[in-house]
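Work through the two exercises below with the model open. Each task is followed by a solution in steps.

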Amino acid sequence: MDKNKGNISIHTENIFPIIKKWLYSDKDIFIRELISNGCDAISKLKRLQSLGEANLQGNQIYKVIVSVNKEKGTLKFSDNGIGMTEEEVKKYINQVAFSGAEDFINKYKDKIGEDKDIIGHFGLGFYSAFMVAKRVQIDTLSYIDGSEAVTWVCDGGTEYEISPSTKDSRGTTITLFVDEDSKEFLEAFKVREVIEKYCSFLPIEIYLEEEGKEEKEEDKKPLNDTTPLWMKSPKDCTDEEYKEFYKKVFLDFNDPLFWIHLNVDYPFNLKGILYFPKLKHELEATEGQVKLYNNQVFVADNIKEVIPEFLLLLKGTIDCPDLPLNVSRSFLQKDKDVMKISKHIVKKVADKLVSLYKNERENFNSFWKDIQIFIKYGCLRDESFYEKIKDIIIFKRLNGEYITLNEYLEENKEKHENKVFYVTDEKQQSQYIKMFKEASLDALVLDCSLDNHFISFLEAKESGVTFARIDSDISEILKSDSNEDLKDINDKVQSLFKDLASNGINEVKVESLRNSETPAMILVSEQSRRMAEMSKMFGGMDMPNMFSEEKTLVVNNNNSIIKKLSQINLEENKDKVELMCNYIVDIALLSNKELSSEEMDNFINRSNKILSLAMEL
Ligand code: ADP
């Protein structure tokens, strides 16, 4: 073969500086592109072999080897795949790719400036090598009998050189003469890191070598797992394998709670595993990670255009060869296939949850603490998800058991129809819980950070149903049945507390409660509390709260202290009565909320005074 020269057919003279600049933010993808090309070359050869079109002798061990040579400043990618003839090099390397790159540039010229990040998701293929190399050399020998090996060299301009090569084994070696400013890619650890990021699950074995250095033990093994678990049929995978895969990929010491193995062939191709992680604390729920792959090549984490946002709270791997990942993200959003895929994933997740609820109710209950935030967020984000799973949303009741909303409503129909009482903090609201239990009433524990929104959502969805916190207007249902006429006492007590109690209390009521131990309790109107919470949340720190909670003090005339208090001669015992009334309010406040420092001060002072009074006895 003669040495000959030619021009790469491209009109844009300065394509390389542009590619380099644009791709800068995601430079390391060139490793993914060159390794994927090597794997493709091997896969093509394997296919030809199985079709009987390639006649290869002996047992073939296919692999891609990446070699780093810091002294020479080179990074090589060698495969023993299909190789290329001179014609193929001219056709594939000189024309196709370049015109593809040019099209790409023309098409996205305007957008690049705004969103550099998207570039990482365009496979610029072979030419991405020029992001880090001043010169790229291809040495290749085709599998076709009688082929001659070819060298192609290009210095990053539009000129290339083709000449005979000394390569004597089938396959392709791409040599990158690494640029001064990309020297990091001559460090084996850096290259290893990038390979592990993008190529951990490629179907062909990948090895890393350091030329001129003794082979390390870890480099004798391939860097990747060529048959990731998601590629296997679900019936061939054991629980242990799922757990092991999870721990390895997501570096979590804990076992996942459960998982969903997605395996679809029609109408699109989709494989993957979604794990429900065990949470150490609720905040962790925002740290999910769903890795997207295209034919086992890692593309990116958490692409919300493909995977519905609420599913990104999970951990998992999704492999979708059909996705047009070489296009921009905004295009993905409108793509019909992408929407179908996304819907399918949501349906599968809902099906799994329903089946767990139906077939493994105990497990489902025990998982609830960890999965509720995901489920509730999912309902808020996607109503179709809510429709699919609404009957399996469960709530903890006061005795610790779980029931559905309908079960709760049905059970309490006679006592308070369509009204759901709830607890947001079991410790803080323990006095109210005690009274509820004594009165054989029940409430649901809604203490997850999303429950505020979830309650409003349920009220909007389930017509007629209203939610009221356990310290809201409950005096009616806690009233005693006695017919005793207490009007005189009531009037006296009413004025006693009206005159004495301050503490931000808007109203004083005297009632006869079933529970005789409690002298008084604070009730907070549900609506005013919700408004106050909302204004706090949206107003931020700088805005004064526009709404405050409306508090009612309910004094219990069925309580012996209150009864006695109403009989004391006020004129003679003014100070003592005042102290006791205020102390009763203190205790009521203490049972309702965390005291402010001033309230706490008052409470302690009054406690000390009461102790002194007790000493006088
Ligand atoms: P793409 O891989 O997206 O087709 P590339 O620019 O990466 O685009 O490569 C262009 C073409 O060059 C490939 O389609 C393939 O035919 C050929 N090619 C690239 N690398 C190799 C290789 N290692 N072995 C054989 N052929 C290759």
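Ala, Val, Leu, Ile, Met, Phe, Trp, Tyr, Cys and Pro count here as nonpolar, Asp, Glu, Lys and Arg as charged, and the others, Gly among them, as polar. The model is predicted: local features need pLDDT of at least 70, side-chain atom pairs count only at pLDDT 80 or more, and totals for chains, interfaces and linings use all residues. Residues are numbered from 1 along each chain as its sequence is written, and side-chain values use heavy atoms, with hydrogens and water left out.

**Exercise 1.** Describe the shell around the ligand by class and by polar contacts.

Step 1. List polar contacts (pairs of N or O atoms within 3.5 Å). A polar backbone atom of Phe 126 is 2.8 Å from an oxygen atom of the ligand. For Thr 172, a polar side-chain atom lies 3.3 Å from a ligand nitrogen atom.

**Exercise 2.** Which helix gives the most to the lining of the largest cavity?

Step 1. Helices are DSSP runs (H or I, at least four residues), numbered from the N terminus.

Step 2. Helix 8 (residues 361–381) gives the most, with 4 residues.

Step 3. By class, the lining of this cavity has 9 nonpolar, no polar and 1 charged residues.

Notes. A polar contact is a pair of N or O atoms within 3.5 Å; within protein, one must be able to donate a hydrogen and the other to accept it, and residues adjacent in sequence count only if both atoms are side-chain atoms. Helices (H or I, at least four residues) and strands (E, at least two) are DSSP runs, numbered from the N terminus.
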